[in-house]
Amino acid sequence: MPREKIDLPYSVDYLSILDADGSVDKTLEPALPEDLLLRMHRVMLLNRRFDERMLHLQRQGRIGTFALTTGHEATFVGSVAALRSSDWLVPSYREAAAILWRGGSLENFLLYFGGYDEAGWVPEDVKNLPISIPVGSQTQHAVGLGWAIRSRGSDEVVMVYFGDGATSQGDFHEAMNFAGVYQTPVVFICQNNQWAISVPRSRQSHSRTLAQKALAYDIPGIQVDGNDVLAVHAAAVEAVERARTGGGPTLIECVTYRLSLHTTADDPKRYRDDAEVAIWMKRDPLPRFQNYLLAKGILTESKLAETEEAIKTEIQEAVDRAETRMKEPVDPLHMFEHMYAERTPALEEQRDELSRELAAGKGDLSHG
Amino acid sequence: MAKMTMVQALNMALRQEMEKDDRVVVLGEDVGVNGGVFRVTEGLQQQFGDQRVLDTPLAESMIAGFSIGMALYGLRPICEMQFSGFSYYAIHQLEAHASRLRHRSQGRYSVPMVLRAPYGGGVRALEHHSESREALFAHIPGLKMVMPSGPRNARALLVAAIRDPDPVVFFEPKAVYRAFREEVPEEEEVLPLGRSQVVREGDDITLISYGAMMHPTLAAADELKEKDGVEAEVIDLLTVSPLDDSLFTQSVRKTGRAVLVHEAPRSFGPGAEVVARIVEKSFWSLEAPIRRVTGYDVIFPLFAREGDYLPGAARIARAAREALSA
Ligand SMILES: Cc1ncc(C[n+]2csc(CCOP(=O)(O)OP(=O)(O)O)c2C)c(N)n1
Ligand SMILES: [Mg+2]
């Protein structure tokens, strides 16, 4: 009868293994194979250099708007590296690094952000969903995938990405609730980069952590240093393992920072202090991991220079291929493809109409 | 009179209404400190403070539902959807409640809110950032759906929308936001909702459009005059719902021919309603099939093809010539 405290077995951990100064917690340091560590580093570096190049191309008007990813590399690579290729990746719009890890092509990124729908195509053997722009919405698909996986007795796992802002959407909470109720094999990766365009994390939610939102659904939640690729990876491995073995979903909040613009259409000078950015620059995940690998002798200065050079070439070749493609004439009728399994009579009619329009006045259709 | 872009004119409307009426509140994602991603709300939070201009968490359904609560209390919320492509989260609140509360409470409550959203193509944007889905809102009884075409009418219509006693969805053509400037008077100017305008007079054919598509439509009218000696009458609907059919049905009784232009997909688009009204009210004057120049029934293409998707002056002029030669 009395009023008493309900004993709930909940708490939220914070995990950090390799800190910003480069010191490592030896008890937590994972014993990862060297080739895995090197691959993680290469994809992080590729992502960084590609982001820089895309920004440059966008500023020259050669591609359109895209979301920058500089600073998020540890969050994306650390987590995705815990997946098998048979698992599912459900991205938002910022996870270039995770998509690259899973075989995504640089050329397709360039073409997609160069305005070509064709580049949305996902190879048959890759279980990545296309990027999802409506914030938070993709969390629901992940849970449906997870339920379907269980219903077919498979041990695949789904990893879904979203930002701090997305945790304000009903979609996210509905997804977490279903995931809890149905114990679906889903790993929710909240990429908390401190900003949702101009709205800071502190004004997005009154909760002290985003990880604690899991507790309301009786799902394990953990907060990790999202700029520490070892910590992100350790948390992801644990969550993926739990999901794969029937232990249900996990929410991982990766505390990171958007070092660059929200998208190329954004001007952060309007809403955030350079001083704050400077603090986070010191926590940059890339040099931190690089120094760790150098200190361990896994990476050497000369190997690093070689990797930089190889990445430069890889990017240049992709840019060349994409630009060649973009110089070829565009087939406007392609817009009628992939609307349904079979084109409807109305679409056939409209397609013919556009063909006639093109024949009648090629090049002057745009209303400019 | 100052020459202004549509962004500046909308900003002026918001500022002046906020100065006149302290019940007017602006809310949405990034509308405060950042002044909105298109800067329509620029400077408002500095001037009126964060109790009048709210940077909300990211949740469109809640932004709409929250606005309904504010309006029920007697405030005049103006909420912004960052892009109309994200306003579908808000449709449930608009359909289930904003549009119905007056009726449900049999006149006791009303929901005088405005939901603003940039819409439309032509700005080389990402997926979900170019659509024109006004038909979804226009189909909901109890809502008004307004779509200005230039800086001056945008300002005057927004003022009317803010003062309207019922919920108004206000779609702003982002392709027009900074495309040109127009004289906009500093003094108050209000255009009543639910009234179309004849923006060019002519006897030969009636061209009907609204929003961003008014510009290629007017360019087509110029071309028809120059090259064909045809005098087109051009009508700007301004409000899609409730639809004012008085001017265009009357015009068609004079011209006997009509072309309807919108960038929304053709099937079940606002054009279908316009055509139905012409058939119902001006059938005996028709001399040719009515032509619709619209977006196609496809997912709005990424920008490599958006110029082929969007109706342009040449396409509109060709449709008009077909109607004229039928
Ligand atoms: C439903 C929806 N509303 C608004 C937008 C516009 N928008 C794009 S990204 C963004 C902020 C998202 O912040 P967060 O979830 O923290 O992810 P981040 O972009 O920081 O990675 C907004 C408001 C959108 N894409 N989808
Ligand atoms: Mg964020």
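A: Let's start with contacts: two residues are in contact if their C-beta atoms, placed from the backbone, lie within 7 Å. Keep in mind that this is a predicted model, where local features need pLDDT of at least 70, side-chain atom pairs count only at pLDDT 80 or more, and totals for chains, interfaces and linings use all residues. Residues are numbered from 1 along each chain as its sequence is written, while chains are lettered from A and ligands numbered from 1 in the order in which they are written.

Q: What share of the contacts in chain B with a separation of 6 or more comes from residues 24 or more positions apart?

A: That share is 81% in chain B.

Q: What percentage of the residues in chain B is buried?

A: First, the cut-offs: a residue is buried if 20 or more other C-beta atoms lie within 10 Å of its own, exposed if 12 or fewer, and partly exposed in between, with C-beta atoms placed from the backbone. In chain B, 61% of the 326 residues are buried.

Q: How many helices and strands does chain B have?

A: Both are DSSP runs numbered from the N terminus: helices are H or I with at least four residues, strands are E with at least two. Chain B has twelve helices and 14 strands.

Q: What is the span of helix α8 of chain A?

A: The expected span is 1.5 Å times one less than the number of residues. Helix α8 of chain A (residues 229-244) has 16 residues and should span 22 Å; its end C-alpha atoms are 22 Å apart, which agrees. Buried residues in α8(A) include A:V229, A:L230 and A:H233. After α8(A) comes A:G246, with a positive phi near 90°.

Q: Which residues are closest to ligand 1?

A: A residue counts as near if its C-beta atom, placed from the backbone, lies within 6 Å of the molecule. Ligand 1 is surrounded by 20 residues, and the closest are A:V135, A:G163, A:G165, A:A196 and B:F86. The site is shared between chains, because residues from chains A and B surround ligand 1.
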